[in-house]
Amino acid sequence: MDARQMKIKAAEAALSYVEDGMRLGIGTGSTAEEFVRLLAEKVSSGLKVQGVPTSERTARLCVELGVPLKSLDELPELDLTIDGADEVDHGLRLIKGGGGALLREKIVAAASSRVIVIADQTKVVETLGAFPLPIEINIFGQVATCIAIEKLAAKLGLSGDLKLRSLEDGPFKTDGGHLIFDASFGRIPDAEALARELNTIPGVVEHGLFINLASLAIIAGPDGARVMQAKI
């Protein structure tokens, strides 16, 4: 089973949690896109849902495939969000934002009664941090914000490059018009402490540490999909 097939298996398993009439947060990324394709098939067969996308990219795919959408302002309270992750540990702490949608993803997740993460087994880690942590920042004062993040990391015993995400034609910009620093810490022993401290830096709009948001994770491997609950 290749990587895409594993993503499809996770998406298929997540679809069983979607009920008729649900207000559904719809995530961003390659695994979430497989979920959208499967969801669209169910919608065409009569399933009724109202979806709130976490990115412009997801919104375009939903429109293309016929999944009905609303804004989060129209549906400010959601029954369920299904989204991917760049890393997930055994406490269901996540790193998200590899696709640049972390701010909207976190807002939608926080508005949901339940969040289910879908991922392939390569995303499961003992300790977060091998995947660079996305940190969304305001364009104004970006150098000062970068210095503040570096000082914070040093205080917490973290080190590694802090790199501004770029495209061929210039800096990457999020759907909200912000920039992203990718922090290659390698290992984050205390994700909760880092999340709290990052929230104190004025130039930080949001960060990709998703803590106490996921209800369960559906992890796909060569033998199929399994449900992962948080280990306390």
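User: Which elements each supply at least two residues of the lining of the largest cavity?

Analyst: A cavity is, on a 1 Å grid over the protein atoms alone, a set of points where a 1.4 Å probe fits but cannot get out, and lining residues have an atom within 4 Å of a point. Here helix 4 (102-110) and strand 6 (115-120) each do so, helices (H or I, at least four residues) and strands (E, at least two) being DSSP runs numbered from the N terminus. This is a predicted model, in which local features need pLDDT of at least 70 and side-chain atom pairs pLDDT 80 or more, while totals for chains, interfaces and linings use all residues. Residues are numbered from 1 along each chain as its sequence is written, and side-chain values use heavy atoms, without hydrogens and water.

User: Which residues line the largest cavity?

Analyst: Among them are Glu105, Ala109, Val115, Val117 and Phe210; by class the lining has seven nonpolar, one polar and three charged residues. The space in this cavity is about 60 Å³.

User: How many strands does the open sheet have, and in what order?

Analyst: Strands of a sheet pair through backbone hydrogen bonds, either parallel or antiparallel. In this case three strands follow the order 4-5-13 with antiparallel pairing, where two strands pair if DSSP finds at least two bridges between them. Strand 4 (87-88) and strand 13 (209-210) are the edge strands, each pairing on one side only. Strand 4 is joined to strand 5 (residues 94-95) by two bridges, and Leu94 in strand 5 stands opposite Val88.

How values were computed. On a 1 Å grid over the protein atoms alone, a cavity is a set of points where a 1.4 Å probe fits but cannot get out, and a pocket is an open set with protein on both sides within 12 Å along at least five of seven lines; lining residues have an atom within 4 Å of a point. Grid points are joined across faces, edges and corners, and a volume is the space filled by probe spheres set on the points. Ala, Val, Leu, Ile, Met, Phe, Trp, Tyr, Cys and Pro count as nonpolar, Asp, Glu, Lys and Arg as charged, and the others, Gly among them, as polar.
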